[in-house]
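Please find below my notes on the model you sent.

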Amino acid sequence: MIRNLDVLIPQWYSIGEDFLPEIRKQPEVDQLAKKHGVKILPLVHNVRNGQWDGEWLHRLLSSPERREAFIRALLADVKESGYHGINVDFDAVLPDDRNLLTNFMKELSEAFRSEGLLVTQDVPADDPAFNYRELGKAVDKLVVMLYEENFADGEPGPLASLDWVRKTLETMPVPKEKLVVSLGNYGYDWTIGSEEPAEPLTFHEIMKLVDRHGLRIFWDSVSHTPYVRYNKNGEEHVIWFLDGATFHNQMTAAVQAGVSGVALWRVGSEDLSVWNVFGKNGKPGNVDSLQTFGGEIPLYQGDGEILRIVPPSGHGERTFQKNVNGWIVDVTYKKAYTPLTVEQMGIPASEKTVVLSFDDGPDPDYTEDILDILKEHNVKASFFVTGLNTLRNPELVKRMVEEGHDVGNHSFTHADLGRVSETVARLEMIATQRLFQGLTGRTMTMVRPPYQAGVVPVSEWDWTVLKRTQQGGSVIVGERVDAKDWYFSKPEEIQRQLVKELPNGHIVLLHDAGGDRSGTVKALPEIIRTLKQQGFVFAPPRELLGKSVDQVMPRVQPEEKVYAEVSATVFASLGIFRQAFSLFLGAALVMGFVRVALLIYFAFRQRKNLWQRRRAQTFTVVRSNFNPLVSVVIAAYNEEKVINKTIRSVLASDYRPLEVIIVNDGSTDRTAEVIREEFAGTPGIRVITKPNSGKTDSINVGYKYAKGEIIVSIDADTIIAPDAITLMVRHFVDEKVAAVSGNVKVGNIRNLLTLWQHVEYITGFNLERRAFDELNAIPVVPGAIGAWRKSAVEEAGYYQHDTLAEDTDITLTLLRLGYKVQYEDRAYAWTEAPEDVRSFLKQRTRWIYGTLQCLWKHRGALFSGKQKTLGYITLPNMWLFQYGVQVLSPFVDLLSIVGFFTSSAQRAMLFYVVFLVFDLLTAFFAFSLEKESPKPLIWLFLQRFVYRQFMTYIVFKSLYLSLKGVLVGWNKLVRKGNVPVEAEIKTAG
């Protein structure tokens, strides 16, 4: 509807007691109009004490000083509010004020035009107090009200007969380009023979009356307007009204007269079918669209703050007869309808009645204090509770009921019921109801939706919320007195706001949860004392409805008791689970923070102690002339794109003596040929070709043929730095060292996925190896680059075939045998990381599944006293943080996201920010240790979030495959050869 309008004229300004504009705006209407690009021209009128007051208007018009001050204040507010101008609607103008009114409009127009603003004026169709010709010259648009042919306090008759409309248009002495006609859509109910004025009715009220009492609607062929006759209490009534058919005829007449615009009086009272012929999208000739009428515009009954929504009975139907010129000449109403009705109940017997209501609780910090205060002052109030807080604090809800307060439903999670699905909204309300029934044995019949406590719904969202909230026989408890304790924190500010709003209504909105409510608790005693001293009485909502506790919170019926008992059991179990899960989750988060802090500490200590270790190694190497033969073993399967780069990087090593063994595992591509083409006859290179039997077997074959006691094993796609072998070998001067891990880096940073893996290698793998190096707890020497003592590998039984993570398996085995595993952070190697998601998931599934196999295989070492660092650090760390945390991570993410939309949003946001800052600082520390540019860390948040989803999927998949007993293949990656050759020349310096 709003989308069909060019201009909206809301009735917001009047002549105040000081003869300055008295302003009563509707912010939600203001926002709605501006949102849809509709111009606002606020209406200023001279209604006073419910009546048009010509004498009061005269006192303004007759004083130049008052006129000037009034116009100046009016202009200031219109400008400040960003409106497009003003609309003047003065009625009951005294005949002698004709010239004064004209002069006022000229002064008003001059002031507004100087600021580029419009001035429009509403005028009756025929009133000698209005100088139409001069007013038409003064204003931008003159809006002629083509209704009230017969007034409410006059004789019954048509409100706007067609001939009267035509005649008025013909005789109006105003240029057509300045003339706007306002068409009515409402009715008057006259009591025949009574001196009382007619009762104004909206179209919806007329239809409801006709529908409920089976009345007949007649069509007057003379005036071309409808009417209804009926008897009530022995008195004859006649209702003359305007509808879609009269609107069609009158709009057609206006268009034919060449007016510049058409207005509707008044939005909300009209036959909704007029919008088919009115507005931007209306079509004046579309008569057929008027045959069905009805719709969702509500009919309001009463003026209380407690609402009940009655759904409409359907749509009305009527037929038309048109003449050859397209005029509607006869209308037959076949069916009326009862519109959507909002019953506004709960008007108290005494104007000095106050209802205190508290939302969002219960909360252990505030609700108990509030209940104590209410008990001390003998005040009954109402509490609108959320299911989540009820689950946390069931005893407080029981106390509310026991002490005679009304308790209402405020949804389960404080969800915005207009923005979730209808199913979710229904579950929100039902879950809270079932929980309450299980706890108290009673049923809540009062509800208040979160974020919507107003009495008059305005937007589509308001209606969606209210319709979803009301269920069964429930009523919606609104409010007109908002103490704004969600905004004000000081007790005196809350009390001042409450007193200021109190004239607007009786139900007061306060909060006992959802933030810091200490100000509410402190303000409450003084509010109660002050209002009691002023003669106010306090009552719960039920007293406004004239009901008892058992009526607003009836006891659960016998047939429902089984559900209540089950609900109580289920929610009690949920409460225990929630507490256990929260405790477990909290412990996991604390362990996570502690783990990272320890990693940073031990990594820092390792770096600090490195110079002493290197100094000792150098001294021993020189003294003992330690320079053993090193065998470099490379297992290759279909590596034609990368193998020669790898071999060249090995041959460029500054370490000698050196032999290179390439085990060609039955490659089906040109791996063997490209090696032979470039390196045939090169001393120290041996190629062993065998039938395909897998990487593990190929590595074992290479190890058995190796002549050196120290074996460096690298992947076929890895490029190593020239000094990498030298740096790793020196560790073996210590005979207890069985393996040394090199520093693996991503060599093909080509897209976002490989960049994220670069971040992971530095902040995850390498930071952990630094810390665990200090504790002799390194869990894996990577296949990309690692050095091994051959005799130790033989003692361990070589690489085993029973896991997919053979490098992890043998590393853990060596630790169990009592050997040391160390890390050489300057032994750089660049590997090719997966460049697409599918390859990445394949690789990580193999790693995670294989590691899980290793953990199960070595479960006997968990918490074993024989290898303390392995049993109490390495293995628990792998179980907890590679699997446990990944299983929990989706719940953590979900709880964090949900937390942003609950009363704990501030706390959830603070926790998340602290976590991110901590993670960022840790990552920055890891990058500084590696002497790498921290620029990739701008992606850290996204990388962490996306990676968690990937890794959670992989962990769950691996656990599922393990439990099912499914074997996972090697899932060898397709090499692309994108590690740059330049990586070969980087050394440790």
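1. The model is a predicted one, and local features are considered only where pLDDT is at least 70. Side-chain atom pairs are held to pLDDT 80 or more.

2. Helix 8 covers residues 244-257, which makes 14 residues.

3. Is helix 8 mostly covered or mostly open? Of its 14 residues, 11 are buried, so that the helix is mostly covered, buried being under 20% relative accessible area. The buried residues are Gly244, Ala245, Thr246, Phe247, His248, Asn249, Gln250, Met251, Thr252, Ala253 and Ala254.

4. Both ends of helix 8 have a local feature to record. At the start, a side-chain oxygen of aspartate 243 comes to within 3.1 Å of the backbone nitrogen of alanine 245. Just after the helix, glycine 258 adopts a positive phi of about 80°.

5. Strand 9 (residues 118-124) and strand 10 run parallel and are joined by five bridges. In this pairing, glutamine 121 is found opposite leucine 142 of strand 10. Strand 10 (residues 141-146) is mostly covered, with five of its six residues buried.

6. Aspartate 406 belongs to strand 26 (residues 406-409). Its relative accessibility is 1%, and aspartate 406 therefore counts as buried. Which side chain does the side chain of aspartate 406 contact? The partner is the side chain of arginine 542, in a polar contact of 2.4 Å.

7. A nonpolar surface patch is formed by Leu752, Ile938, Trp939, Phe941 and Leu942. Together these residues have about 470 Å² of accessible area.

8. Where is isoleucine 938 placed? The residue sits in the loop between helix 28 (905-930) and helix 29 (940-964). Isoleucine 938 counts as exposed because its relative accessible area is 71%, and the cut-off for exposed is over 50%.

9. Leucine 940 is in helix 29. Is leucine 940 buried or exposed? With a relative accessible area of 5%, leucine 940 is buried, whereas isoleucine 938 is exposed at 71%. The C-alpha atoms of leucine 940 and threonine 338 are separated by 59 Å, and these two residues are 602 residues apart along the chain.

Notes. Residues are numbered from 1 along each chain as its sequence is written. Side-chain values use heavy atoms; hydrogens and water are left out. Patches are made of residues with over 30% relative accessible area and no salt bridge: like charges are joined within 9 Å, nonpolar side chains (Val, Leu, Ile, Met, Phe, Trp, Tyr) within 5 Å. Accessible areas come from the Shrake-Rupley method with a 1.4 Å probe; for residues, only the protein chains shown count as cover. A salt bridge is a side-chain nitrogen of Lys or Arg within 4 Å of a carboxyl oxygen of Asp or Glu. Helices (H or I, at least four residues) and strands (E, at least two) are DSSP runs, numbered from the N terminus. Buried means under 20% relative accessible area, exposed over 50%, partly exposed in between (1.4 Å probe, protein chains only). The expected span of a helix is 1.5 Å times one less than its number of residues. A polar contact is a pair of N or O atoms within 3.5 Å; within protein, one must be able to donate a hydrogen and the other to accept it, and residues adjacent in sequence count only if both atoms are side-chain atoms. Two strands pair if DSSP finds at least two bridges between them.
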